[in-house]
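Subject: Structure handover and notes

Hello,

Here is the structure I said I would pass on. My notes on it follow below the display.

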Amino acid sequence: MLKRSVRLELDGILNELKMNLGNNYKDLAHDALKKLHTTLDEYYKSGMMKEKDYNKYKKIADDYSVKMADYHH
């Protein structure tokens, strides 16, 4: 099971991403997406996240990457 602090941090980043997308803040949304990918990788590599949880959040992050591929100024 994913530690509560890890889950809260990841969910916080996801909420930030969703909020920025909803407000059409493209640069901030891209920054939040990068932060999500980086944080996921750090937690997984450090062993604080199991593969099952990593894959779940990685799919969410990858889905947002696809959605945001055409977001430019």
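Which residues in H2 meet which residues in H3? On the H2 side they are Leu 33, Leu 36, His 37, Leu 40, Asp 41 and Tyr 44, and on the H3 side Glu 51, Tyr 54, Tyr 57, Lys 58, Ala 61, Asp 62, Tyr 64 and Ser 65; contact here means heavy atoms within 4.5 Å. The residues of this contact divide into eight nonpolar, two polar and four charged. In that count Ala, Val, Leu, Ile, Met, Phe, Trp, Tyr, Cys and Pro are nonpolar, Asp, Glu, Lys and Arg are charged, and the others, Gly among them, are polar.

Before the rest, the ground rules. The model is predicted, so local features need pLDDT of at least 70 and side-chain atom pairs count only at pLDDT 80 or more, while totals for chains, interfaces and linings use all residues. Residues are numbered from 1 along each chain as its sequence is written, and side-chain values use heavy atoms, with hydrogens and water left out.

Helix pairs

Helix H2 covers residues 26-46 and helix H3 residues 51-67. Helices are DSSP runs (H or I, at least four residues), numbered from the N terminus. The two pack at an angle of about 165°, and their axes are 10 Å apart. Axes are lines fitted to C-alpha atoms, for helices over the stretch in contact, and angles run from 0 to 180 degrees between N-to-C directions. H2 is therefore roughly antiparallel to H3 (over 145 degrees; under 35 counts as roughly parallel, 65 to 115 as roughly perpendicular and the rest as oblique). The crossing of H2 and H3 is left-handed, meaning that the near helix is turned anticlockwise from the far one by less than a right angle.

Helix H1 (residues 4-22) packs with H3 at about 15°, with the axes 12 Å apart. H1 and H3 are therefore roughly parallel to each other, and their crossing is left-handed. From H1, Arg 7, Leu 10, Asp 11, Leu 14, Leu 17, Lys 18 and Leu 21 meet Tyr 57, Ile 60 and Tyr 64 of H3. This contact of H1 with H3 has seven nonpolar, no polar and three charged residues.

Single residues

His 37, in helix H2, is buried at 17% relative accessibility (buried is under 20% relative accessible area, exposed over 50%, partly exposed in between, with a 1.4 Å probe and protein chains only). Beyond its neighbours within four places in sequence, His 37 is in contact with Lys 58, Ala 61, Asp 62 and Ser 65. The side chains of His 37 and Ser 65 are joined by a polar contact of 3.1 Å; such a contact is a pair of N or O atoms within 3.5 Å, where within protein one must be able to donate a hydrogen and the other to accept it, and residues adjacent in sequence count only if both atoms are side-chain atoms. The C-alpha atoms of His 37 and Lys 58 are separated by 7.4 Å, and those of Asp 62 and His 37 by 8.6 Å. Asp 62 itself, in helix H3, is partly exposed at 31%.

Leu 33 also belongs to H2 and is buried at 7%. Leaving out neighbours within four places in sequence, its contacts are Leu 17, Ala 61, Tyr 64, Ser 65 and Met 68.

Regards
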